[in-house]
Amino acid sequence: MAIRQLSETLINQIAAGEVIERPASAAKELIENALDAGATRIEIATSGGGKALLRVSDNGSGMDAADLELAVRRHCTSKISETLEDIRTLGFRGEALPSIGSVARLSIASRRRDSAGGHEIAVAGGKIAHLRPAAANPGTIVEVRDLFFATPARLKFLKTEKAEAGAITEIVKRMAIAFPAVRFVLSGSDRTTLEFPATGDDHLGRMAQVLGKEFRDNAIALDAVREEISLAGFAGVPTFNRGNSAHQYAFVNGRPVQDKLILSAIRGAYAETIPSGRYPVAVLAITLDPALVDVNVHPAKSDVRFRDPGLVRGLIVGAIREALARDGSRAATTGASDMLRSFRPGFQPNSQRPQTAWSAETSPSRPYQPTTGFGERPQVSFDGLSMPTARAEPQFSPQPAAPEPNARYPLGAARAQIHANYIVAQTEDGLVIVDQHAAHERLVFEAMRKALHSKRLASQVLLIPEIVDIPEEDCDRLMQHAAELSELGLAIERFGPGAIAVRETPAMLGEVDAHGLIRQLADEIAEWDTASGLSAKLEYVAATMACHGSVRSGRRLRPEEMNALLREMEVTPGSGQCNHGRPTYIELKLSDIERLFGRS
């Protein structure tokens with residue numbers, strides 16, 4: 001079969017299969033063009049989930065007649081010249097508009113600010129209409145109708161209109177977080193209007209618009225630099241988490257990305273702080289020299305490749321962990337809200353109470369008759385206890401520090417122990433309820449983790465070394481990390497060109513599948529150039545040991561023991577959640593309590 005040149009229309013339709021996967025892909029490309037044009041106001045309108053209509057209007061620099069004619073032709077762009085080493089714009093491939101025009105009905109009306117009038121050009125199924133004058137405000141209006149009408153097979157792979165509309169909403173949210181100085185408005189017949197007013201330099205304010213006002217109260221600022229890479233943004237406290245990873249946003253040089261390396265680093269940074277199946281909330285902005293990152297990996301430009309992925313991963317993990325150690329032990333403000341909601345069903349306005357016959361037993365005005373908990377008999381055991389104070393000799397620390405006079409304690413003074421498991425403490429402006437088992441579990445784990453990293457771990461010598469056959473390149477990678485693994489109790493040696501001899505294994509792990517461990521470490525080093533998997537295994541064992549070695553639920557504590565536990569929590573990193581990610585305490589402000597009683 002003879003080789004022949006494909007037509008321009010078919011080439012554009014092939015490109016559209018990679019660039020324009022769904023209406024959200026088209027929206028992303030058009031919004032990027034508007035931002036590259038310097039727009040400060042972008043309005044997006046949709047119909048039919050973006051399949052019937054997608055319109056993006058901006059007040060950017062606009063285009064003249066000559067630019068319009070080139071804009072709808074493939075590989076015509078104003079954003080790069082001869083190299084891909086210094087890409088500083090969102091778009092650069094010159095494929096979006098001709099790709100959209102090849103599978104949809106596309107019209108573009110634009111006017112420069114210094115021009116007396118505008119122009120319009122249309123493309124339908126790859127056929128370009130003649131350029132004509134048009135009335136237009138400064139800026140550009142791009143309208144896409146009947147997406148994929150020229151390639152109907154693609155329509156079968158699209159989701160419902162609601163799902164496609166939701167995907168466009170997610171694109172707008174990511175762009176809005178990346179560019180807080182730009183006003184975004186998303187409207188249409190298939191949705192309620194969504195508006196993000198410009199917040200200027202207030203990045204946290206824009207994040208609160210997108211992620212909810214609770215994020216502002218539960219976010220920890222990030223600011224770290226390593227070599228030529230800087231990281232900024234905000235990470236949520238561990239107890240402020242979600243059911244999926246949709247609330248994790250990453251930006252590289254202002255470009256929204258969904259990179260596996262970054263998402264993996266976030267997951268690693270929050271290890272042992274978030275329950276299984278829950279995900280942290282984070283917004284990360286990475287800034288580096290464009291030459292150190294490749295954004296030309298995929299036509300959609302959502303994936304990137306870093307020249308030094310290990311450096312980027314280490315920066316993210318280190319910055320988030322440092323922030324959590326500094327300020328992550330506080331409880332999420334949503335805990336108090338959940339507590340308040342749990343109280344409210346117990347009393348309802350008169351208009352909402354069920355209309356039933358009156359009885360003395362069910363009347364809300366009946367005399368209070370306690371049944372358990374606060375009756376005279378259950379309270380007899382408290383008679384021997386003196387009123388607790390915040391000043392107490394710690395019982396949970398080998399070398400407790402004497403409390404400073406007139407010191408302020410964030411977790412307050414213990415006032416009672418409820419059901420032999422929960423400590424109620426009074427703070428300066430409210431109260432705190434502490435889960436004693438979860439709290440002490442965290443304290444024990446942090447002490448063990450500190451021991452893990454302060455000296456070489458104990459190892460057990462194998463009577464007969466285990467010989468593991470793996471590819472030669474994996475052997476080379478493992479031996480580069482031999483010293484690091486030795487500190488963790490794993491002693492390995494080269495045993496020929498394609499084998500590793502395991503002579504010692506960490507004693508903490510007990511009986512070890514040496515073959516499986518070595519192969520897993522080799523795979524991890526090949527992927528991330530790090531051998532953190534063994535450290536993670538050891539920390540997992542330490543977490544299990546801490547769980548079994550901590551104060552058990554059901555144990556009665558003396559006032560000085562309760563206060564000692566509170567004091568250690570205040571100085572221990574990550575004490576706001578246990579090793580399994582559950583909160584160790586809930587804080588309730590006095591204003592919240594007064595609201596329960598209708599006093600505010």
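Modeller: First a term: buried means under 20% relative accessible area, exposed over 50% and partly exposed in between, with a 1.4 Å probe and protein chains only. By that scale Ser-25, at 14% relative accessibility, counts as buried. Bear in mind that this is a predicted model, where local features need pLDDT of at least 70, side-chain atom pairs count only at pLDDT 80 or more, and totals for chains, interfaces and linings use all residues. Residues are numbered from 1 along each chain as its sequence is written, and side-chain values use heavy atoms, with hydrogens and water left out.

Now for the rings. The structure holds one aromatic pair (rings of Phe, Tyr and Trp, the last by its six-membered ring, with centres within 6.5 Å; planes under 30 degrees apart are stacked, over 60 edge-to-face, the rest tilted). Phe-215 and Phe-240 have ring centres 6.4 Å apart and planes at 45°, so the pair is tilted. Phe-215 belongs to helix α8 (residues 213-217), while Phe-240 is in the loop between β11 (229-236) and β12 (241-242), so the pair ties together parts 25 residues apart in sequence. Those labels come from DSSP runs numbered from the N terminus: helices are H or I with at least four residues, strands E with at least two. Both Phe-215 and Phe-240 are buried.

Elsewhere, Arg-567 lies over the face of Tyr-409, 4.0 Å from the ring centre.

Terms used: Lys NZ or Arg CZ within 6 Å of the ring centre and 35° of its normal.
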